[in-house]
Amino acid sequence: MSTNGTNVNNDVNGVKLPIYLDNHATTPMDPRVLESMIPYFTGKFGNAASRNHQFGWEAEAAVEKAREQIAKLIGATAKEIIFTSGATESNNLAIKGVAEMYKEKGNHIITAVTEHKAVLDTCKRLEKYGYRVTYLPVGADGLINLEDLKRAIDDKTILVTIMAANNEIGVLQPIDEIGAICKEKGILFHSDAVQALGKVPLDVNKSNISIMSLTGHKLYGPKGVGALYVRRKNPRVQLSAILDGGGHERGMRSGTLNVPGIVGFGKAAEIAMQEMPEESKRLSALRDRLMNKLLSNLDETHVNGTMERHLPGNLNISFVYVEGESLLMGINDIAVSSGSACTSATLEPSYVLKALGLGDDVAHSSIRFGIGRFNTEAEIDYVADRIIDTVKKLRELSPLYEMVKEGIDLSKIEWQTEGH
Ligand SMILES: *Cc1c(COP(=O)(O)O)cnc(C)c1O
């Protein structure tokens with residue numbers, strides 16, 4: 001198997017180091033994707049909006065092909081795909097575009113506390129402009145409760161925005177059921193489907209989705225290119241544009257199209273369409289292999305988010321009594337993410353893990369593994385051994401873990417604190 005694109009500076013037991021296991025942050029581009037893009041940087045450099053010469057027609061044809069490839073992967077039609085710079089822009093355009101376009105109808109939006117920041121911060125900004133936002137909680141399994149959703153809907157609700165798959169804990173929200181509720185109530189349903197695209201089947205009609213955010217770089221495509229699915233009938237969805245200009249993309253997103261990026265995103269979608277059934281089996285087998293090794297060799301270790309509805313390549317695990325950051329330093333030849341987010345100068349525990357009910361310390365002890373197309377079984381075995389070894393070493397240094405092992409109930413201890 002080819003390398004995952006990182007600099008190879010070591011080689012242990014046939015495993016090339018460092019190992020990339022952070023495929024929810026971004027994915028390496030598939031070499032087949034790169035190959036499809038190259039002609040559009042030089043020879044076929046035209047502007048897809050140039051209507052009166054061959055250079056423009058060639059670029060436009062390439063863009064239309066990509067539109068079809070992406071549409072096919074989600075059961076849409078090509079005309080329903082709007083190209084953007086990525087899913088951050090797609091989420092902004094979807095939510096702000098609906099808020100502005102449907103403001104006569106109502107000012108209430110429903111989302112969930114575990115959404116990506118591009119959704120949550122967009123909703124927060126709209127609150128400043130007089131919109132009301134309901135942030136649904138999630139259960140310990142990471143899923144919203146459909147009864148909570150039904151109760152939150154009122155006669156001013158214009159939009160429900162709930163992601164298809166979570167980027168930290170990999171759980172799959174019940175989008176079919178959410179879509180059915182929204183359809184019955186005549187409310188638009190937007191879904192950030194970035195992590196689900198090409199990993200699990202998506203069908204905008206089956207799930208009654210009105211608007212869907214997508215991006216190339218989580219799907220072995222290039223960075224800086226995204227898409228927004230915008231439904232054209234039953235019902236036709238209209239969005240106010242954020243960017244004003246040349247009126248590209250049916251007036252919803254002005255700006256010269258990133259033709260090579262779009263071609264690459266299309267190719268990535270085509271590959272995913274063909275390979276998803278087999279790839280998802282292979283990735284979930286690797287994921288289960290890693291999970292079983294970790295859980296059977298370490299105590300006080302548990303999985304976050306339900307495994308019943310889960311992305312094939314995702315595994316989020318708490319190694320209680322171990323500091324996630326120390327663990328990351330101990331395994332510095334493996335690229336993963338911890339349950340801590342750097343906000344300003346401090347390490348904040350992940351808001352997603354906290355929403356599941358995890359305490360700050362347990363959230364900080366968590367690691368997200370993102371297994372992808374270019375990972376091998378040998379890499380997974382190497383990672384499992386390194387983690388088991390490092391967690392055991394760190395716990396030997398942990399007084400709390402010692403006390404738990406001696407049978408002391410930590411919750412009954414009165415700590416002497418100096419307060420801060
Ligand atoms: C990565 C990600 C985004 C942001 O996508 P960009 O294309 O990087 O802007 C949005 N939502 C989810 C769930 C993501 O994982």
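**Reading a two-domain model**

Modeller: The C-alpha centres of domain 1 and domain 2 lie 29 Å apart; the domain bounds come from an automatic or database domain assignment. The model is a predicted one, in which local features need pLDDT of at least 70 and side-chain atom pairs count only at pLDDT 80 or more, whereas totals for chains, interfaces and linings use all residues. Residues are numbered from 1 along each chain as its sequence is written, and side-chain values use heavy atoms, with hydrogens and water left out.

Biologist: Which residues belong to domain 1 and which to domain 2?

Modeller: Domain 1 is made of two segments, 2-29 and 276-404, while domain 2 covers 31-271. Contact means heavy atoms within 4.5 Å. By that criterion, 29 residues of domain 1 are in contact with 43 residues of domain 2.

Biologist: How many helices and strands does the chain have?

Modeller: Helices are DSSP runs of H or I with at least four residues, strands are runs of E with at least two, and both are numbered from the N terminus. The chain has twelve helices and 17 strands. As to overall form, the radius of gyration is 23 Å, close to the 22 Å that the globule rule gives for 420 residues, so the chain is as compact as a globular protein of that length. The radius is taken over C-alpha atoms, and the rule is 2.2 Å times the number of residues to the power 0.38. Along the principal axes, the C-alpha atoms fill a box of roughly 75 × 55 × 40 Å.

Biologist: What share of the contacts in the chain with a separation of 6 or more comes from residues 24 or more positions apart?

Modeller: Such residues account for 72% of those contacts.

Biologist: What percentage of the residues is buried?

Modeller: The classes rest on relative accessible area: buried is under 20%, exposed is over 50%, and partly exposed lies in between, with a 1.4 Å probe and protein chains only. Buried residues make up 55% of the 420 residues. The accessible surface comes to about 19,000 Å², with 51% of it belonging to carbon and sulfur atoms; the areas come from the Shrake-Rupley method with a 1.4 Å probe, and for residues only the protein chains shown count as cover.

Biologist: Is Ile-262 buried or exposed?

Modeller: Ile-262 is found in helix 7 (residues 259-297). With a relative accessible area of 1%, Ile-262 is buried. Leaving aside neighbours within four places in sequence, its contacts are Val-63, Ala-66, Phe-83, Val-225 and Leu-257. Ile-262 and Met-37 are 225 residues apart in sequence, yet 8.5 Å apart in space, C-alpha to C-alpha.

Biologist: How accessible is Glu-270?

Modeller: Glu-270 also lies in helix 7. At 24% relative accessibility, this residue counts as partly exposed. Its C-alpha atom is separated by 5.6 Å from that of Gln-69, 201 residues away along the chain.

Biologist: Where is Leu-143 found, and which residues does Leu-143 touch?

Modeller: Leu-143 is in the loop between strand 6 (132-136) and helix 5 (146-152). Leu-143 is buried, at 14% relative accessible area. Not counting residues up to four places away in sequence, Leu-143 touches Val-138, Val-171, Leu-172, Gln-173, Thr-306 and Arg-309.

Biologist: Which peptide bonds are cis?

Modeller: The torsion to read is omega. A cis peptide bond joins Leu-17 and Pro-18, with omega about -5 degrees, and another joins Asn-234 and Pro-235, with omega about -10 degrees. Pro-18 sits in the loop between strand 2 (15-17) and strand 3 (19-20). Pro-235 is in the loop between strand 10 (226-230) and helix 7.

Biologist: What are the phi values of Glu-249 and Arg-250?

Modeller: Glu-249 has a positive phi of about 55 degrees although it is not a glycine. Arg-250, likewise a residue other than glycine, has a positive phi near 55 degrees. Glu-249 is in the loop between strand 10 and helix 7, and Arg-250 lies in that loop as well. Glu-249 counts as buried at 9% relative accessibility, whereas Arg-250 counts as partly exposed at 36%.
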